[in-house]
Structures are given as C-alpha cells and as structure tokens.
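Subject: Structure for your review

Dear colleague,

Please find below the structure that I am handing over to you, followed by an account of what was found in it.

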Amino acid sequence: MTVISEETVDAVSLNGHAGHGTTTLGDDTAPDDRVEAPVESVDVLLVEDDPGDAFLAEELLADTVLATRITWVSTLQAARDHLKGFRGCVLLDLNLPDAHGLDLLREVLESAPLAAVVVFTGLDDEHEGIAAVSAGAQDYLVKGQVDGSLLGRSIRYSLERRRADENARQLREARIHARENMRLERGLLPQVLLQRSPLSHRAYYRPGRERAVVGGDFYDAVEKDGTTHVIIGDVSGHGPDEAALGVSLRIAWRAFIMAGVAEDAVLPNLEDILVSERAQEEMYATLCMASLDTGSDRVRTRVLGHPPPMIVQDGTVVEAPATPQPPLGVFPVEQTDTDEVVLPRGASMLFYTDGLVDAYDGGPPSRLEVSGLRRMVSGILDQGVSLSRLPEHLVDEAERSNGGPLQDDVAMLLITHGDPE
C-alpha cells in the first residue's frame, strides 16, 4: 500500500502499513500451503479532518486484499486538487472544517463524476449517510461499526456500482442517439408515393461515416396529377448538419411537388430553402431531378452538379444526356436547362450519388468516375444479376475496386418503367 499524506504531523503513522497488498491463511500454516488472495489495485482519496479516523481507515484497509494507494486530505479545498479526473474511491467525511453535509457531497460528485463516493460518517450522522446515498453516493459507513473486511468490500462494491451506473448512462445515451438517428433516417429514407405511377422503384441507402445511420444524401419519388417526379441529391460534407440539411431539402421538395408548384420553379424554390437552412455559407448540394408524364416515355431531367443517371435496357447501359449546371447553392438558380431521354416500358433509370464514382478504380489515384461505374454496372448484369439486386452488388463491386469500404455516403434509386424484374 502506498500512502501520500498532506498532514506532515501524521505522515509517519499513515505510512505504517505501506506495502500491504496480499494476505495469507495464518502464521501456523506451512509456507508451501499458503494461498495468496487476488489483489485489486484501488486509488482511495480519504477526505477526513480527524487524524485518528484517518489512521483508523488506513489500518482497516491494511487488513484487506486491496492494494490501496491512499491520498489523505483534511479539507475540501485540499481535495479539489485531486478530484478532477479522479476515477477511484472517495472516502468522505461529511463534516469538514470548510464544508459539510449534502452540499459537500454534491460538490465532490460534480467534481469527480467518474469516482465512487463512500460516505464515512459518525454514529450521530447515520441519517445523513442515508440521505447521502439518495443524493448520489454509492454507500455509507458508520465510524466505529466498520472492520477491514466491510470497508474493503464496500469500496469494491461501490466501484462496481459506479462502473455499472456509468455503463447504464452510456447505454441510455446510445439508445437516445439511436432513436434520434431513426427519426432522422425516416426523414432521409422516405416512403415514396408511386401508387398511381407507371414507374416502380428499388431504393438503396448506406451512410459513409463510421457508426452513422444517416448521411447527407437524400432521394424521393412522388406521383402528382399524372406526372411522376424523382429526385436524388447529395449535400456537400459529412456530419449531422449535412444530414439535417438533406432532410430539409427532401421534405421541401416533396412539399413543392404535392402543392403543385410548377415543374420549372421547383429547384429555384428549393435553393431558397438550402440558403436559409444551411449551417455554413459554403454548403451546397448536387442533385438530379427527373419527371415523366403518365402515358409518355420521355423523361425530363435536370442535373445540377450531379452525376447523370444511367439508362438500363436489354442488358445495355448508357449515360443519360445531361447539360452541365452548377450545384444548388453555388449560383442563384433562376431556371434550369432541361434534358430529355426516352425511357420505354421495361427500361430502367439508375440514379446514384457520388459515393460510388469517387471509389478508386483498382487503387489510388484513379477513380471510377461515371464511365468506370457504367462498365461496372454492365459487368454485373452480364453475370446474370437481376435488376432488383443490382444496388447491393454494385456497392460490393465498388468496394472491391476501392480496396476497402467506401468513405462517402451512397444512395441509389432504380426506377423502372413498368414492373421490375
């Protein structure tokens, strides 16, 4: 046992049992039969103004199997120097020269939130010890009614209870975080509204951040008044601000479509939402919006800084034409150029975010880019993979090409004119 005393007068007495850490069966036991008990190393901060009681506590601990390192202080002021970051056990007298009672306990608990606190109280203060446990102490002991076994057991159990409390707190926080992520996920991963649309869909989403549930990519599809509208987008950056902005943009886009806002006015209005909701002025979003009138096979597309969709028909894969335009939030959008592509029945459009095209093409520094991704899609379909399983296979193949997990978010929306395979 190592003892550090701030009381110079009693330093010698408190060091009387330095080095104790093991116990044996007894002096009459043969040396070969002695059993060494397991030793647990514990830091103990003894906050006690009575030198006699401090010496008693040290003597009692010397009789336990604990390998204790005791620091003795006699005032709260002196204890403050040791409490910050302390993770051991605080053995606390509630009546000090400069503090007392539950106010003293609360300061200790706040100053050392990861420590176990055992109140060491006098017989007359037993009711205060009970109140201390209610206030957050792990245990209380009455002076004069404690032996070494009880003291050691109380310290060990208090440390375990403190660890259990901390684990429970972390679990609660993890559950709260998971519920928040689920709510955010519901915003990013919508229930598309295609009941009356000639288009069917297959969606895929995976965040790129470690342990994240959602990211800044978003998508949606809505049929309104005989026209089916589809959007996929990617907010620049990674993190909760980007994810929240993605939710805002998706919900705003759906609201514009459901409210019957003119098709060519949707994206300029969406940019107003982006500018008002973004956390930093440099945040922007790339996106692709497509619209198809029921009974027609011509899809109107608007691509703002985003990879163009791919057309999949009869095993062939081609890039859809796209007029280059800046991302949303970079320059004011007054009107957007519209491209048109034929999507006959049975053909599909693959919308995706740049988490795929930014993957390495077999290793750095080359990237897949759109052309490499098109070849990859063709290769997967040539293997006989069905369209409904294309997104998962595409991510697996991109990770193999990348040499490991993709670092960016990945969202895909596979739209088929008619029933999917």
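I begin with one residue and its surroundings. Asp220 belongs to strand E10 (residues 217-224); helices (H or I, at least four residues) and strands (E, at least two) are DSSP runs, numbered from the N terminus. The model is a predicted one, in which local features need pLDDT of at least 70 and side-chain atom pairs count only at pLDDT 80 or more, while totals for chains, interfaces and linings use all residues. Residues are numbered from 1 along each chain as its sequence is written, and side-chain values use heavy atoms, with hydrogens and water left out.

Asp220 counts as buried because its relative accessibility is 0%; buried means under 20% relative accessible area, exposed over 50%, and partly exposed in between (1.4 Å probe, protein chains only). Its side chain is joined to that of Arg254 by a polar contact of 2.8 Å. A polar contact is a pair of N or O atoms within 3.5 Å; within protein, one must be able to donate a hydrogen and the other to accept it, and residues adjacent in sequence count only if both atoms are side-chain atoms. Leaving aside neighbours within four places in sequence, the residues in contact with Asp220 include Pro190, His229, Ile231, Trp253, Arg254 and Leu413, where contact means heavy atoms within 4.5 Å.

The sheet that contains E10

E10 is part of an open sheet of five strands, ordered E10-E11-E12-E13-E16 with antiparallel pairing; two strands pair if DSSP finds at least two bridges between them. E10 and strand E16 (339-342) are the edge strands, each pairing on one side only. On average, neighbouring strands of this sheet are turned by 20° against each other, direction ignored. Axes are lines fitted to C-alpha atoms, for helices over the stretch in contact, and angles run from 0 to 180 degrees between N-to-C directions. Six bridges pair E12 with E13 in the antiparallel sense, and Leu287 has Leu304 in E13 as its bridge partner. H7 packs on the sheet, where it touches E10, E11 and E12, and its direction makes about 10° with that of E10. H8 also packs on the sheet, touching E11, E12 and E13, at about 155° to the direction of E12.

Which residues of H8 are buried? They are Glu263, Val266, Leu267, Pro268, Leu270, Glu271 and Leu274. Their cover includes strand E11 (227-235), helix H7 (240-258), strand E12 (285-293) and strand E13 (298-304). The 15 residues of H8 (residues 263-277) should span 21 Å at 1.5 Å a residue, and the end C-alpha atoms are 22 Å apart, which agrees; the expected span is 1.5 Å times one less than the number of residues.

Strand E17 (residues 348-352) and strand E18 (residues 410-417) run antiparallel and are joined by five bridges.

Cysteines

A search of the whole structure finds zero disulfides, a disulfide being a pair of cysteine sulfur atoms within 2.5 Å. Cys89 is buried, with a relative accessible area of 0%, and Cys288 is buried, with a relative accessible area of 0%.

Yours sincerely
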